[in-house]
Protein chains: 2
Amino acid sequence: MSADPTERPEDAAWMRRALSLADGVMYTTSPNPRVGCVIVRDGQVLGEGATQPVGGPHAEIRALRDAQARGLPVQGATVYVTLEPCSHHGRTPPCVDALVAAAPARVVVAMGDPNPRVNGEGLARLRAAGIAVTAGVCLDEALALNVGFVSRMSRGTPWLWAKMAASLDGRSALPNGKSQWITGEAARADGHHWRARSCAVLTGIGTVLADDPRLDVRHVATTRPPRKIVLDTHLRMPAGARLLDGAETWIFTAREDAGRAAELAARNARVICLPGADGRVDLPGVMRWLGQHDINEVHAEAGAVLTGALLQAGCVDELLVYMAPMLLGEGAGMARLPSIEDLDGARRFQFVDVRGLGPDVRLRAQDPSRLAAARAAATPARRA
Amino acid sequence: MSADPTERPEDAAWMRRALSLADGVMYTTSPNPRVGCVIVRDGQVLGEGATQPVGGPHAEIRALRDAQARGLPVQGATVYVTLEPCSHHGRTPPCVDALVAAAPARVVVAMGDPNPRVNGEGLARLRAAGIAVTAGVCLDEALALNVGFVSRMSRGTPWLWAKMAASLDGRSALPNGKSQWITGEAARADGHHWRARSCAVLTGIGTVLADDPRLDVRHVATTRPPRKIVLDTHLRMPAGARLLDGAETWIFTAREDAGRAAELAARNARVICLPGADGRVDLPGVMRWLGQHDINEVHAEAGAVLTGALLQAGCVDELLVYMAPMLLGEGAGMARLPSIEDLDGARRFQFVDVRGLGPDVRLRAQDPSRLAAARAAATPARRA
């Protein structure tokens, strides 16, 4: 998308302030999007705010109330908001109504709301009320904050990143299975941030049986811990597994077993049977189910077998790889995939961020076509 | 090393200019070190220069002549030079004599010259002549330019980096051997810069027989192409190999075969028989031989077997890894190494630089103890 011709030189800087407010509620708004809003007149902030946890006010309302609390009228001001204001009655009244009532001269948004109940309608109603609208300012940064919300709204499935920790030569464990700890403290702490921002942490029964992980969030304060999900074809989940900590856990299986399901239900584990044609769990089916259950982002933290299966099933949108500066030579790979004859068959991603984390590096890579689709869905309507 | 208390605020900036001049002769000075020199008075450059190809003048002489050509006397000025000036008669007279004759007030150096014929003597003679000396300014940057020279002078063997190109999951080739091209144009062009700066490009007979590479330098203009070296235990080198292009090539073998050696000599290939106790080529012996033959830096570009053997023999100081954002699953690894039982047995490096190159990333990692040893050898004598 080319830049909106109505964009002004100061817009990007104010939008970045709004994005930073949205970033500040990273761990609390899901399944609602993370949104920030700043109201400005003559270079002065009148009010600002970010989306509150589900059921609480959206960013625009917070910012309007902030201005009101300061006794500063918003009429004629400019409102910067990272997502198109909602135009529908959800758990809260439409933000568009509140904005129209406050009568700013101009609203600048970063991305459109792909929610089919909004999807351009918010911007159209602002324009219809005589408010100038500029759209698409800092679109990519806004999308990065809410790519999971966009995915769920536009294609019905969450955005899934596969988290992996490996040596420089791509070994995720020694031949004897040892993998603690290939990467260091800083990488592990960063991994907890990604767990914390996700709506669900997904692993496989193999990892549960081998390591009995808690899969909880440490190192990050969160009031909304992600759902834990286990893929368990043969329903081997032990009722005493440590990850069954009282919060509802979802176990996807290919095997109907009412007795085992009841036993697990006693530990607050919900068993969902979704067999695929091959007798294993239907992975694309799981993704659709999760999309229907308000899951925006999935943090998959599994072994090479399940990671490979998710890749083969087309369920992986992004790789989150922590790499240690060591060579192991032999051992488990990062993802078990069928042998290919030609590089045309390689699973290709696109690096979007590479950075050092203590002694290690973190490499993020996204599926370029998935990102393009999300970007298209988030591109705001230029005219109603 | 703590900072030299005689360092002045402007020193680092002038030294960086001298380092940049040294960087500009990256491909032409070996086996001499890359050195830059800037002569300054009252914030004005009087003269500057960098080391010329072997037999030509060193950086200090170039800078002094530059000042002379401009008619600017150097007396009382400050000389910035990236390496301790030489104090011995080599192919050219000692730079220290020329500096003393020019009578600057002060000489600032980045690193000491680990050449046993210099090694503090250059700085001592400057001090003895009443010239103020500040040492260790931008030491690490200077070391990075000449780590190979420092290695050869201090431990008698070159600095070797193992160049690898792999997928994100550490596969250097498909199961059928295909590896062209996992990484893209920008990564390959960068690889030619590393070939060009090295004194020797080393590969294994397996790579020669499989790919028949030229191993020459493309994408970079150089008047001093690196020596080509093949490790060839059983002396299987074909006389028609493309890398035998007329320039003298060195072939290390474990097998005496006068007939084959004569046949290869006709292609200007010199066969050196260095068998180890295991009947294979004695790799540490090769490194010592190369050190004795003026090789500062070795660019090893080999398959997983030879790369693994070099690692096991302790011959690898640095990893130069080009990584493509793709997953291959199956295929050759980056280095064949024996299986280990514990992460304590991992071969550990330290990331020193990570950057994007087109769609790929380049990760450089060094052996921390090797780097520390080189740094100690390059740390200038603070007092005579």
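Let me start with Trp289(A), which at 12% relative accessibility counts as buried, the term meaning under 20% relative accessible area, with exposed over 50% and partly exposed in between, using a 1.4 Å probe and protein chains only. This is a predicted model, in which local features need pLDDT of at least 70, side-chain atom pairs count only at pLDDT 80 or more, and totals for chains, interfaces and linings use all residues. Residues are numbered from 1 along each chain as its sequence is written, chains are lettered from A and ligands numbered from 1 in the order in which they are written, and side-chain values use heavy atoms, with hydrogens and water left out.

Over all chains there are 8 aromatic pairs, where rings of Phe, Tyr and Trp (its six-membered ring) pair if their centres lie within 6.5 Å, planes under 30 degrees apart being stacked, over 60 edge-to-face and the rest tilted. One of them joins Trp289(A) to Phe252(A) edge-to-face, at 5.3 Å centre to centre and 85° between the planes. Phe252(A) lies in strand 9 and Trp289(A) in helix 9 of chain A, so the pair ties together parts that are 37 residues apart in sequence; helices (H or I, at least four residues) and strands (E, at least two) are DSSP runs, numbered from the N terminus.

In chain B, Trp14(B) and Tyr80(B) are stacked, 6.5 Å centre to centre with 25° between the planes, and both are buried.
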